[in-house]
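Thanks for making the time this morning.

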Amino acid sequence: MLATLFVLFLFFCNPVCCVFQKLYCTISDSCDCDFKPNIRDLEWDLYKNVYGQHLAQDIVSEEVGRFLHNKSPSQPLVLSFHGSSGTGKTLVSSMLGNHLYGSAMSSPYVHQFVPTLHFPLPHRVQQYREELKDWVQGNLTECARSVFIFDEMEKMPPGLIDVLEPFLGPSHVVFRTNYRKAIYLFISTAGEEVINKVALENRQAGREREEIKLDNLQEAIAQAVYNNNTSGLFKSNIIQQKLITRFVPFLPLSRYHVERCVHSQLCQRGSCSRNDVVEAVGGDMNYTPAKGKYFSSTGCKTVPAKINFFL
């Protein structure tokens, strides 16, 4: 009742309305901050439009749903996406933004970072650390329900991302801002060797890919990323302190999955019936290993260009 009255007060008391609304936004679950989550549509999108990624589908659906249903989370949701290029990591991160905010990925509360664009000079790591900390803190003060996406983590200067450590733990509520309501996504190809090895061994043993379990990969990915000196999480305190909620593996894609990508994109262009293009693109991809040719070396990444060529 008090919360309802407070909200009414905010909307009818100008010009201080905006200031008080932002303050209320940082401390209340009732504020919107453009935050309009639709978990059902997110799950539908994941299971309908992401191909060959049963682990990623299940983990993202479960963890996001659990996190958002908890009115007082003990710490932020931190998901680290790993796998080869073209397997759906960026696609899934976009789905999160699309189904969490009214303005989708164009929401001012979805923040995306690309190392080659935002942190291009390794000798300026200390400067970048200070700027990143100020940026995150300032935006969490603006809206506690913010999403921070760090793409191409394999190109992130080592040591930079650890500046986020204070924001990721369970005990940080500073100046009326609840840092524990934010979502962080790390996206990287680091760890792909571990994931692809498990997928290959599974295939060679004649098992279905759905038989691959997260237990087979979680700790192996964590160790591979932690010990990879080209990874932005190399020897990271974030991994040491176990501040990552889940490492999310994206498996390599077979020709079947690639052709599903092709068909989906053809339908978006109004050409669903072009099975000839589906077969042509599927057959034109490079597959590994040399013996067996089980998995696309570029996933679905080059599909749009190849469709343009064969249409």
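**Cysteines and cores**

Let me start with C143, which counts as buried because its relative accessibility is 0%. Please keep in mind throughout that this is a predicted model.

Turning to the disulfides, the structure holds two of them. One joins C261 to C300, with an S to S distance of 2.0 Å, and this link is right-handed, with 80 degrees about the S-S bond. The pair connects distant parts of the chain, since C261 sits in helix α12 (residues 255–268) while C300 lies in the loop between β9 (295–296) and α14 (303–310), 39 residues apart. Both C261 and C300 are buried.

The other disulfide joins C267 to C272, again with S to S at 2.0 Å.

Now to the packing. In soluble globular proteins, nonpolar side chains tend to be buried together. The largest nonpolar core in this model has 74 residues, and the members that touch the most others are F81, L132, F150, I161, L164, Y184 and F186. Helix α4 (residues 54–69) is the greatest contributor to this core, giving seven residues. If we take L164 and leave aside residues up to four places away in sequence, its contacts are L132, V136, F150, Y184 and F186.

There is also a second, separate core of 14 residues, and its members include C261, V262, C300 and I307, which brings us back to the disulfide between C261 and C300.

How values were computed. Residues are numbered from 1 along each chain as its sequence is written. This is a predicted model: local features need pLDDT of at least 70, side-chain atom pairs count only at pLDDT 80 or more; totals for chains, interfaces and linings use all residues. Side-chain values use heavy atoms; hydrogens and water are left out. A nonpolar core is a set of buried Ala, Val, Leu, Ile, Met, Phe, Trp, Tyr and Cys residues joined through side-chain atoms within 4.5 Å. Buried means under 20% relative accessible area, exposed over 50%, partly exposed in between (1.4 Å probe, protein chains only). Helices (H or I, at least four residues) and strands (E, at least two) are DSSP runs, numbered from the N terminus. Contact means heavy atoms within 4.5 Å. A disulfide is a pair of cysteine sulfur atoms within 2.5 Å.
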